[in-house]
Amino acid sequence: MDRFDKISMASILVLLLATITLLLQPTPESEKKQALARQSSANSTAAPEIAARLKVAANLLATDNLGKAEELLREMIGQHPYDAAPYIVLGELEMRRQAPIAAMLAYKSGIELNPDYLDKKTPLFKGKQIKQSVTESIELIDSRLLASPGDDDLQEQKKQAYYMLRKLAGSCG
Amino acid sequence: MYLYILMGALIGIGAVLLSWGGNPANTGLCVSCFMENVAGSLGLHDNIRMQYMRPEIPGFVLGAFLLAKTRGQFQAMGGSSPLLRFFIGIFLIIGCSVFIGCPVKMILRITAGDVGALIGVVGMVVGIYVGLEFIERGFQLGTAKEVPAANGYVLPGIMFFILALSLLGSPILALSVKGAGAQHAPALWSLAAGLGIGALAQRTQFCITGGVARIFLWGPREIMNCPRSTGLLASLGSFLVFALVANLLTGQFTFGLVGQPSSNDSYGWAFLGMALVGFGSVLIRGCPLRQLVAAGQGDTDAGATVMGMLVGAALVQNWNMGGNSAGTPANGQIAVLAGLALMVIIGLLNRRRGYGIAPEYQVGLD
């Protein structure tokens with residue numbers, strides 16, 4: 001056994017220990033949510049009851065009853081946390097309120113549950129609205145960061161905005 | 001020399017035109033992404049957004065096969081640790097998927113302005129360096145020997161069969177109607193690019209990891225005296241320049257670190273993913289693209305690697321190991337570390353102590 005063998009064996013030990021440590025970590029919540037969403041989103045959006053309530057929310061939005069619309073949407077999100085559609089309508093509502101950061105975060109929840117909202121090849125595509133919310137969010141976050149550069153919440157929001165930019169840019173997977 | 005420059009130009013311009021023509025952004029050509037699509041179309045995973053029989057993949061193999069046959073260079077060879085190569089093939093694709101792209105796509109990402117992809121270059125170079133440390137200390141997988149010709153036809157035959165199924169619109173193959181699998185250039189463009197690149201890569205033995213490995217192995221001065229080494233570097237340089245110009249001309253260049261297609265901010269894992277690819281590629285003498293091309297010219301060991309790559313592509317999707325916009329999933333992190341450990345174990349178990357570089361690496365380090 002030469003020196004190189006010893007270095008190799010030490011490397012194997014370190015790598016295996018790191019692997020085992022990672023194996024013992026609990027699965028991150030975000031990944032669990034995605035896995036659950038994959039199983040549940042297929043049938044929930046199409047459920048007639050959800051579709052009917054979304055229509056009501058859309059009507060409330062169209063008639064400027066933003067408070068009632070939000071109440072209904074939040075109730076739906078509580079009852080169907082793995083359905084993307086209420087989040088997307090909530091995003092539209094927040095844009096109407098000129099609250100782009102809240103809109104972006106709502107859209108984020110929606111597209112994580114159902115990426116079809118960013119896919120031009122599906123009828124659900126909302127890429128332009130979502131992009132607008134992200135662009136306006138970044139402008140707002142940057143202006144707020146000038147005033148308080150050390151704000152952790154703003155830094156986190158900026159991180160989310162960059163994540164959304166990557167989602168909008170697309171991927172091979 | 002002009003052939004090497006032409007090789008780089010073809011792959012650079014071809015890949016950018018494919019993404020301009022419909023392939024996903026910055027993914028004009030990507031062996032790992034496309035392998036995941038092919039695995040999906042064959043029903044090896046159930047991600048409905050990743051199922052398409054990308055004609056580029058059989059194109060690489062068949063282009064190399066046709067040119068090798070025409071030039072009398074088709075030779076069925078094998079017997080150099082095929083099962084080990086199969087497992088290394090699995091981990092090559094896992095490493096690529098964690099980085100979000102194979103070495104070809106890494107260059108495409110850089111030439112499209114993705115600064116973050118540079119970490120992949122660093123990772124790949126480190127992986128190549130570590131791999132070469134094993135090679136220089138007597139690592140070998142055994143010398144390949146001539147095998148009955150039928151063996152060499154297996155992989156080109158499989159590729160021809162699935163390509164034919166795809167072109168005939170067979171319902172056996174799954175086809176995404178949304179997601180990345182539904183984004184593709186016209187099939188004939190893809191096939192033409194695949195055949196052309198496969199043929200020229202067979203002629204020039206183009207290999208991204210091989211080009212870099214030669215610098216480490218022979219040194220910058222020595223390399224200028226070796227036509228093949230100089231040629232491989234000329235191909236890489238030409239690839240970079242032509243892809244950059246093509247990206248600029250087609251409006252696909254966006255310089256920056258944030259908001260790039262097929263990227264995330266898990267730079268540490270991207271580094272390790274590409275280190276795994278560099279390391280593994282050196283051990284089996286060639287990057288994922290080179291494996292496809294070598295399989296086309298009758299190398300059954302490379303064929304075993306390609307089959308491993310296909311299995312790896314299915315595992316990446318089934319076990320959620322690939323990097324995404326949010327980062328690197330836990331399973332991907334575990335797989336990369338386990339993969340690196342496996343490479344070191346393979347390196348350790350296949351060393352002939354007291355020997356230098358094995359003959360097969362001296363004559364054919366791709």
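**A buried helix, a glycine and a chain contact**

H5(B) has these buried residues: Pro103(B), Val104(B), Lys105(B), Met106(B), Ile107(B), Leu108(B), Arg109(B), Ile110(B) and Thr111(B). Buried means that 20 or more other C-beta atoms, placed from the backbone, lie within 10 Å of the residue's own; 12 or fewer is exposed, and in between is partly exposed. This is a predicted model, where local features need pLDDT of at least 70, side-chain atom pairs count only at pLDDT 80 or more, and totals for chains, interfaces and linings use all residues. Residues are numbered from 1 along each chain as its sequence is written, and chains are lettered from A and ligands numbered from 1 in the order in which they are written.

Visitor: How many of the nine residues of helix H5 of chain B are buried?

Guide: Helices here are DSSP runs of H or I with at least four residues, numbered from the N terminus. This one covers residues 103-111 and is largely enclosed by the rest of the structure, because the buried count is nine of nine.

Visitor: Is Gly273(B) buried or exposed?

Guide: Look in helix H12 of chain B, residues 267-283. Gly273(B) has 34 C-beta neighbours inside 10 Å, so the label is buried.

Visitor: Which element gives the most to the side of chain A that touches chain B?

Guide: Two residues are in contact if their C-beta atoms, placed from the backbone, lie within 7 Å. The contact takes 31 residues from chain A and 38 residues from chain B. On chain A's side, helices H1 (3-24), H2 (29-44) and H8 (152-169) each give two or more residues. With eleven residues, the top giver is H1(A).
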